[in-house]
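Take a look at the structure below. This briefing covers a strand and its partners, then a ligand site, then the pockets.

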Amino acid sequence: MEKKLIAKDELAAIAEKIAETMTVIAPVADEDNILFAPLKKGDKVKLVAGNTKNAPKNYMFPRSECMLKYTRTKAGVEFNGETIDAAPTVLFGVKPCDARSFWLLDFLFDQEKYKDPYYIEKRNNTTVIAIACSKVPYTSCFCTSVGGSPTSTEGVDVMVTDLGDNCLVEFLTEKGGKLADFFGGKKADKKAEKKKEEIASAAASQIKSKVPAKDIKAWLDANFEHEFWNTLHQKCLACGTCTYLCPTCHCFDIQDEIKGSDGKRIRNWDSCMFWLFTKETSGHNPRPSQKERWRQRVMHKFRYYVDNFDAIACVGCGRCVMFCPVNMDIRKIVEDISKQSQG
Ligand code: SF4
Ligand code: SF4
């Protein structure tokens, strides 16, 4: 595994240099926000400590995606093929928690039996360059409670660690190694390695928000009908912010849009927080109130994903904690469940 040392102030320019040859998605200023967006000529990359408001998941699994096009003719329907847009892309400046969300989404979209070609093609053609969190940005970060860390490398092709004046760049996969020439720099020495280890351990110790996320599975298995679920949801507005900002939420709805004879089949993000989400064509809704929807959110992340893939479907990024308009806090919900389980 190749490792290089580069000057810290070269980092943003490297993203801009890669953007001359392929699509680069990187954090850029957008009014008061820093958002992941395709880098256009003249854009400046903003490598700030905090999370972007939007998760880069959008570029593997777009909010709205055309799956196929067709034309209706007298003889029947003619399919005009799939429309997968998977040009070589670099996701630059991803936080380790957001990169870890790709590792989690791979379990779902790229299973042995069920394969999602739309996600898989983009994933295979995207190189993820992450920057380790040497300073933990928010008190709401809790990555260490759900299996991650400020320096975790799951889902990462190239990991960059800020060592002070310079950065250690580790090319972790073959895909990442193909970008080595863009970084230049010199071969990293043992001193840089040691400093990286110190930074990793200091960053992990900065995570003060600890949540017993790994301990609640048995209670969830046994308490689908528990009275705990009766009050949990009451202040939720069902706005869907928590699911739309979440890097691991992945539910979608499929609709046809038809104009004249031409049609498109489109999938759009959906949210278990919405009343329409599980409404059946009969009119029956198996999740009739926000109680059942919030139970589903908790069960999906901390029970069903663990059953199916042996991993919690949360990376502890804290976005849902920070942006819920009524301050629902998934950390407190997990803590409350943990208290229930202790009697
Ligand atoms: S549930 Fe909340 S904290 Fe966990 S990954 Fe989703 S947005 Fe981040
Ligand atoms: S962001 Fe808050 S109010 Fe909106 S759906 Fe999620 S929990 Fe409910």
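Strand 6 runs parallel to strand 7 (residues 126-131), and five bridges join the two. Strands pair if DSSP finds at least two bridges between them. Helices (H or I, at least four residues) and strands (E, at least two) are DSSP runs, numbered from the N terminus.

This is a predicted model, in which local features need pLDDT of at least 70, side-chain atom pairs count only at pLDDT 80 or more, and totals for chains, interfaces and linings use all residues. Residues are numbered from 1 along each chain as its sequence is written, chains are lettered from A and ligands numbered from 1 in the order in which they are written, and side-chain values use heavy atoms, with hydrogens and water left out.

**Strand 6 and its partners**

- Six of the six residues of strand 6 (residues 89-94) are buried, so the rest of the structure largely encloses this strand. Buried means under 20% relative accessible area (1.4 Å probe, protein chains only).
- Strand 2 (residues 23-30) also runs parallel to strand 6, joined by three bridges.
- Val90 of strand 6 has Val24 opposite. Val90 also stands opposite Thr127 in strand 7.

**Ligand 1**

- Around ligand 1 sit Phe142, Cys246, Pro247, Arg297, Lys301, Cys314, Val315, Gly316, Cys317, Gly318 and Cys320. A residue is near a molecule if one of its heavy atoms lies within 4 Å of it.
- The shell holds seven nonpolar, two polar and two charged residues. Ala, Val, Leu, Ile, Met, Phe, Trp, Tyr, Cys and Pro count as nonpolar, Asp, Glu, Lys and Arg as charged, and the others, Gly among them, as polar.

**The largest pocket**

- The largest pocket has about 460 Å³ of space. A pocket is an open set of points on a 1 Å grid over the protein atoms alone, where a 1.4 Å probe fits, with protein on both sides within 12 Å along at least five of seven lines; lining residues have an atom within 4 Å of a point. Points are joined across faces, edges and corners, and a volume is the space filled by probe spheres set on them.
- It is lined by 24 residues, and Leu47, Val48, Ala49, Ile131 and Asp162 are the closest to its centre.
- Helix 1 (11-18) and strand 3 (33-38) each give two or more residues to this lining.

**The second largest pocket**

- About 320 Å³ is the volume of the second largest pocket.
- Of its 16 lining residues, Tyr59, Pro62, Asp85, Ala86 and Lys122 are the closest to the centre.
- Strand 4 supplies the largest share of this lining, three residues.

Methods: Buried < 20%, exposed > 50% of the residue type's maximum accessible area, 1.4 Å probe, protein only.
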